[in-house]
Amino acid sequence: MGRWTRSARIALLSFVVTFAVAVFFFGVQRRTPTRAVAVDRADATAIIQSRDSRITLAGGSIIEADRQFAYEDGSIRLVGVSVTVPPAEERTDFRMYGDEASGVEEAGEWRFAGNVGIETGDGLAGRTSEAAYSEADRRVTMPQPAGFDQGWMHLAGEAARYDLGGGLLHLDPQAVVTLNATGADGAAETTITAGRARIDRLGGDMRFTGGVEIDSAGWRMRGNRAALRFDPDASRLDALELRGAARILGATGTPGRLRQMAARTITVAYEDGAIDRAILAGTAVVELFGPPDAAGTRIAGRTVTVALGGGGALRSLTAVERVAVDLPAVPADAGGARVTADAVEIGAGEEDRWNAAFDGQVVYREPGARGGETGGDRVMRASRLEAELAENLASLGEARFLGGVSVEDGSLTAIADEATYEVANALLTLSRAESDGAAPRVVDDRGTTQADTLALTLGVRGMEATGGVRSVLEALAEADETGRRPGLLAASERVYVAADQLVYDSDLSVATYSGAPARLWQDQADFVGSSITLNEATGSLQAEGNVRTRTTIVQKNDETGDVEALTTAGRGESMAYDDATRSVSYEGNASLQNPRNDLSAESIEVLLQDDARTLDRTFASGDVILELPGRRVTGETMAYHDADGRYEMEGDPVEILEQSEDACRETTGRTLTFFITDEVQVDGEGGGRTSSTSDGCVSLPPGP
């Protein structure tokens, strides 16, 4: 019996020493057990059994067991075991317990089974059904589902591993971490699930891999991997990094708030426990909620930084490299728009409006926006775009394009230093950057127009221009249906216009040039006035205010009988050409001059033949004065018929002065008919009379 007791003591000592090492003790000397009581043999295979043991090791560790069994192969089994280890320089105090524990001294590995628990001095408490300890790597392995609690954290996994040295906890597979974080708005629960997790409780660091999903205060987050930084003392989240197909989803559904963020990597910064800022890197995309059943704004770039408020409210956003902003249609049938650039900054403005600044290779595109031209895109390019966003960031209000602006809208193109665009009204205003900048220019089917400022209504192509207006109207082909040129002008030649202002009504196809004064000309025609109106629908032409014209009119030479083209200068307070009647009228101090005659009156009307070049008749009224070589005629009205060179004049009286070889002859009457030749017919009832004087008619034009 004494011999058996001695063997039991030796075996028990062996177990104590081995187990002490196994539970991260250092080499210690065995103290005398406080109690070891022999019991009846409950395990026939055990060579030694004891009950209610408490062993204190030299390092202060304590092993307690309800029963102890030692076997011939050197293994030991403990029932109702508890091991308590005091703190050391590299670890906190530690307690591990279970229904049973077994191990082999030589292998340095021990197993706990049944209601296994782990408790650390820094507050971690874990539960599992099975655990193993390896002396070689000082690690507790739990192959069965395990759960842990520490203050604001609940940690669980289908299996777990705890590294004693660094206090690291590994959950693998199927990790589930629940955090009841505190913040400015109180506690908020965050649940993280992943294939694997590594928890550094003391260092404030968590690492997750394998299908990471995070639900936190209304946010849902996804990624292949995640790293979470937290403040262990304040029980508060500080930062989160998602890697690999990272995505953050909002849940409010409120228009203009965050719907989702996606990128290769998303880094989230917290402020007082709430998400404050997110940095998206690598094919980054931010999408906002739109109106019900409609898309919201989408912002993409290589890197996107988003500042967020409560409930997913956007505070500001910046994006760089390959930036693309897609603005939805507001209303739904408006077509939407896309802006691409090197960078964009979006910040809150006034009254629920936002300011956006795009920089570098800016391209604004409205798909299918060409007025009446199905399928065409309206495209604007510039170095910078400053815009106002409205409708919960879903639509572009007024936009300002700066630096090298170019516009494409179907057949219309435009260039300028600067441009503003009112999207709702499709109103584009082009201007110079400085007084010495290049004048903006518009080119369309009509031709080219430049001015200091050009305002266009895109789609319908209305235009207003001010300051240094210059237009070149392209020649028209015979089958051209885009416009009608006045017959006084050659349709096959360009027309040039200079003015201070231009208003073009696209609905009526009427262009009005004014100021400076206005001038319209081509090689054989010239029109000047305070304003000039060109109707490209009817081919009519009007001028107002101190009008001067130069046209070429074909008429008969009464001396030779041949027709000849005469350059004719016209004047008046107004001029109007009607292409339907082929008539030109001058009103107010009107005059017509050509190499053969000089006509002045209050009003003059010229009727042309169908070619709008050949003279048919001329009518004048009001203080008519006609001067021909060697002849001067005055009266109230005049009609000239070019077919036979016949003049018909009426007045009270009509007077005609004629220069003969040696005298001046004066003839008067109520009506007077004469020809370019010397034949003169006077109405006798009018009391006509003729007188001659030897004095020369010094005021008459010289003879031919």
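User: How many cavities of 30 Å³ or more does the structure hold?

Analyst: This is a predicted model, in which local features need pLDDT of at least 70, side-chain atom pairs count only at pLDDT 80 or more, and totals for chains, interfaces and linings use all residues. Residues are numbered from 1 along each chain as its sequence is written, and side-chain values use heavy atoms, with hydrogens and water left out. A cavity is a set of points, on a 1 Å grid over the protein atoms alone, where a 1.4 Å probe fits but cannot get out; its volume is the space filled by probe spheres set on the points, which are joined across faces, edges and corners. The number of such cavities of 30 Å³ or more is three.

User: Which strand gives the most to the lining of the largest cavity?

Analyst: The largest cavity, of about 150 Å³, is lined by 14 residues (lining residues have an atom within 4 Å of a point). Strands, which are DSSP runs of at least two residues numbered from the N terminus, supply at least two lining residues each in the case of E36 (541-556), E39 (598-608), E40 (615-628) and E41 (631-641). With three residues, the most is given by E40.

User: How many charged residues are in the lining of the second largest cavity?

Analyst: The second largest cavity has a volume of about 120 Å³, and Leu 488, Thr 551, Thr 552, Ile 553 and Leu 608 lie nearest its centre. Ala, Val, Leu, Ile, Met, Phe, Trp, Tyr, Cys and Pro count as nonpolar, Asp, Glu, Lys and Arg as charged, and the others, Gly among them, as polar. Its lining has nine nonpolar residues and five polar ones, and the number of charged residues is one.

User: What is the angle between the planes of Tyr 364 and Phe 401?

Analyst: Rings of Phe, Tyr and Trp (its six-membered ring) pair if their centres lie within 6.5 Å; planes under 30 degrees apart count as stacked, over 60 as edge-to-face and the rest as tilted. Tyr 364 and Phe 401 form an edge-to-face pair, 6.1 Å centre to centre, with an angle of 70°.

User: Is Phe 401 buried or exposed?

Analyst: Buried means under 20% relative accessible area, exposed over 50%, and partly exposed in between (1.4 Å probe, protein chains only). Because its relative accessible area is 0%, Phe 401 is buried.

Terms used. 1 Å grid on protein atoms, 1.4 Å probe; cavity = no way out; pocket = protein on both sides within 12 Å on 5 of 7 lines; lining within 4 Å. Helix = DSSP H or I, 4+ residues; strand = E, 2+ residues; numbered from the N terminus.
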